[in-house]
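Visitor: I am new to reading protein models. Could you take me through this one, term by term?

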Amino acid sequence: MVVLAVTWIAHEGQEHEMLQAFERLAAASRKEAGCRMYVVHRHREDKRTFFVYEQYNDDAALQAHRDSPHFQEIAKETLHSLGRRTEAFLMEPVA
């Protein structure tokens, strides 16, 4: 299994649009054959901060996600116009 954990910060005034983009991306990503989990979290106090937790079967499934049309459109284009990614961690379980 491969885990990706990413933090995004929406530009001032773009919080709602970023939330909508993440909702679309999460819905499409969860339908991918190799996606085990795709959960978008929003900071309780700072509504501009989002944390995304993703699980994929393996590296090939993660690459398929990155190559998907919905990722190319929403993550590569839309999200980058609405905010900035501040952290990204690619991990794997230890046990």
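Visitor: Why is Phe50 called buried?

Guide: First, a word on the model. This is a predicted model, where local features need pLDDT of at least 70, side-chain atom pairs count only at pLDDT 80 or more, and totals for chains, interfaces and linings use all residues. Residues are numbered from 1 along each chain as its sequence is written, and side-chain values use heavy atoms, with hydrogens and water left out. Now Phe50. Buried means under 20% relative accessible area, exposed means over 50%, and partly exposed is in between (1.4 Å probe, protein chains only). Phe50 has a relative accessible area of 1%, so Phe50 is buried.

Visitor: What makes Phe22 and Phe50 a tilted pair?

Guide: Rings of Phe, Tyr and Trp (its six-membered ring) pair if their centres lie within 6.5 Å; planes under 30 degrees apart are stacked, over 60 edge-to-face, and the rest tilted. The ring centres of Phe22 and Phe50 are 5.5 Å apart and the planes stand at 40°, so the pair is tilted. Phe22 belongs to helix α1 and Phe50 to strand β3 (residues 49-56), so the pair ties together parts 28 residues apart in sequence. Helices (H or I, at least four residues) and strands (E, at least two) are DSSP runs, numbered from the N terminus.

Visitor: How many aromatic pairs are there by this rule?

Guide: The count is two aromatic pairs. Trp8 and Phe22 form an edge-to-face pair, with 6.2 Å centre to centre and 75° between the planes. Trp8 is in strand β1 and Phe22 in helix α1, 14 residues apart. Trp8, Phe22 and Phe50 form one aromatic cluster.

Visitor: How do you know whether Phe22 is buried or exposed?

Guide: Phe22 has 1% relative accessibility, so Phe22 counts as buried. Trp8 is buried as well.

Visitor: Why are α1 and α3 called roughly antiparallel?

Guide: Axes are lines fitted to C-alpha atoms, for helices over the stretch in contact, and angles run from 0 to 180 degrees between N-to-C directions. Under 35 degrees is roughly parallel, over 145 roughly antiparallel, 65 to 115 roughly perpendicular, and the rest oblique. Helix α1 (residues 15-29) and helix α3 (residues 69-82) pack at about 165°, with axes 10 Å apart. The two helices are therefore roughly antiparallel.

Visitor: Which residues of α1 and α3 make the contact?

Guide: Contact means heavy atoms within 4.5 Å. Among them are Met18, Phe22 and Leu25 of α1, and Phe71, Ile74 and Leu79 of α3. The residues of this contact divide into 10 nonpolar, three polar and three charged. Ala, Val, Leu, Ile, Met, Phe, Trp, Tyr, Cys and Pro count as nonpolar, Asp, Glu, Lys and Arg as charged, and the others, Gly among them, as polar.

Visitor: Why does Thr7 count as buried?

Guide: Thr7 has 13% relative accessibility, so Thr7 counts as buried. Thr7 lies in strand β1 (residues 2-10). Not counting residues up to four places away in sequence, Thr7 touches residues including Phe51, Arg84 and Glu87.

Visitor: What makes His16 partly exposed?

Guide: His16 has a relative accessible area of 48%, so His16 is partly exposed. His16 is found in helix α1.

Visitor: How do you know whether Leu62 is buried or exposed?

Guide: Leu62 has a relative accessible area of 3%, so Leu62 is buried. Leu62 lies in helix α2 (residues 59-67). Leaving aside neighbours within four places in sequence, Leu62 is in contact with Val2, Leu4, Tyr56 and Leu90.
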